[in-house]
Amino acid sequence: MTASRPPEQLLHPRPEGLYCPAGDFFIDPVRPVPRAMITHGHADHARAGHGTVWASPQTLDIMAIRYGEAFCDTRIPVEGQTEAGGIRVAFTPAGHVLGSCQITVEDGSTAITVSGDYARVDNPACAPFQLAPCDIFVTEATFGLPVFNHPAPLSEIEKLLRSVAAQPDRCHLVGAYALGKAQRVIALLRQAGWEQPIYIHGALQRLCDYHIEQGVDLGDLRPATTGDGKAAFKGQIILGPPSAFAATWAQRFPDPVICFASGWMQVRARARQRGVELPLILSDHADWQDLTRTIQELAPRQVWVTHGREDALVRWCELNQIAARPLRLVGYEEEAD
């Protein structure tokens, strides 16, 4: 593709988020706006209160589950391509969570792909990442440092299962965020051959049910509430949101091994701060190798970097003679990985 005018005329940052003036819409705005296109259902990207929302059907469903049916005035489900104000828009799977998409805006001379959050490792809980060719690639940089090199997901699950086998009198309490990570951990456990029931905190139930409705095999899930006492959970795996671990909810389990599934578990200090006994390095974001590989494969004319380690990735681009700049967008969290 050949760009004939500054790409900032097609898409540029505003306090609300990335704005396309020709189409009069924002992508993942952090404030309520009349017209929004949403990459995925995590709370720092998908917020309630917009007028019209374009998103994948699954992201719209997830927003309704999390915020209620009235989360926006008008929903427009998008599968593949659509148009807004004469601007062509394409939604391409991002491999991050169920329904997640990259959004490409194109005016006939310039194409800009906004990755949202993305991952390139196999994830049985969502559609795999696809390259979305473009002139300008807007990439996340959550793990945009060379030190972040995530291990194979199944190797982390096998580490969990070895710990379960070695400590049959204890339960394993796995912290996992409610959208995406919890379902991915469960699906990976099934892939690894764990056929026993998996117990879940009530906060995970509705989103797990939705994944099952969408065809994700999560096996036998049971509520982590039973009148049989602590003994019933010996040797079992229980999932809950990390916030529940500091509550009385966690005290019902027998001598639990505290686990946490997150890309941040590669940082030992973070694991220690959370009192994690068994860190599981499982990320739904691209690590350094996949961030740089994606840029090389797309070979865009420019790279714009947002939310994360922007400066390091911009520097890598410069060293590889790729024009790049940080966007300095605010309002996108790094923690919910």
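**Ground rules.** I noted that this is a predicted model, in which local features need pLDDT of at least 70 and side-chain atom pairs count only at pLDDT 80 or more, while totals for chains, interfaces and linings use all residues. Residues are numbered from 1 along each chain as its sequence is written, and side-chain values use heavy atoms, with hydrogens and water left out.

**Around Pro 29.** I placed Pro 29 in the loop between β3 and β4, with helices (H or I, at least four residues) and strands (E, at least two) taken as DSSP runs and numbered from the N terminus. I then listed what Pro 29 is in contact with, leaving aside its neighbours within four places in sequence, and found Glu 16, Gly 17, Ala 36, Met 37, Ile 38, His 45, Arg 47 and His 50; contact means heavy atoms within 4.5 Å. The C-alpha atom of Pro 29 is separated by 10.0 Å from that of Pro 13, which is 16 residues apart from Pro 29 along the chain.

**Two positive phi values.** Most residues other than glycine have a negative phi. I found that Asp 28 has a positive phi near 50°, and that Asp 28 is in the loop between β3 (25-27) and β4 (35-37). Asp 28 counts as buried, at 3% relative accessibility. Gln 321 also has a positive phi, near 60°, and this residue lies in the loop between α7 (310-319) and β19 (323-326). Gln 321 is exposed, its relative accessible area being 77%.

**The chain as a whole.** I counted 7 helices and 19 strands in the protein chain. The C-alpha atoms fill a box of roughly 70 × 45 × 30 Å along the principal axes. Of the 337 residues, 57% are buried, and among contacts with a separation of 6 or more, 61% come from residues 24 or more positions apart.

**Aromatic pairs.** My search of the whole structure gave 11 aromatic pairs, where rings of Phe, Tyr and Trp (its six-membered ring) pair if their centres lie within 6.5 Å, and planes under 30 degrees apart count as stacked, over 60 as edge-to-face and the rest as tilted. Tyr 118 and Phe 137 have ring centres 6.1 Å apart and planes at 65°, so I recorded the pair as edge-to-face. This pair links distant parts of the chain, 19 residues apart, with Tyr 118 in the loop between β10 (111-114) and β11 (136-141) and Phe 137 in strand β11. Tyr 118 is buried at a relative accessible area of 0%, and Phe 137 is buried with a relative accessible area of 0%.

I next looked at Phe 148 and Trp 264, which form an edge-to-face pair with 5.5 Å centre to centre and 85° between the planes. Here the partners are 116 residues apart, Phe 148 being in the loop between β11 and α2 (153-166) and Trp 264 in the loop between β16 (257-261) and α5 (268-273). Both Phe 148 and Trp 264 are buried. Last, I noted a cluster in which ring pairs link Tyr 199, Phe 233, Phe 245, Trp 249 and Phe 253.

Technical notes: Buried < 20%, exposed > 50% of the residue type's maximum accessible area, 1.4 Å probe, protein only.
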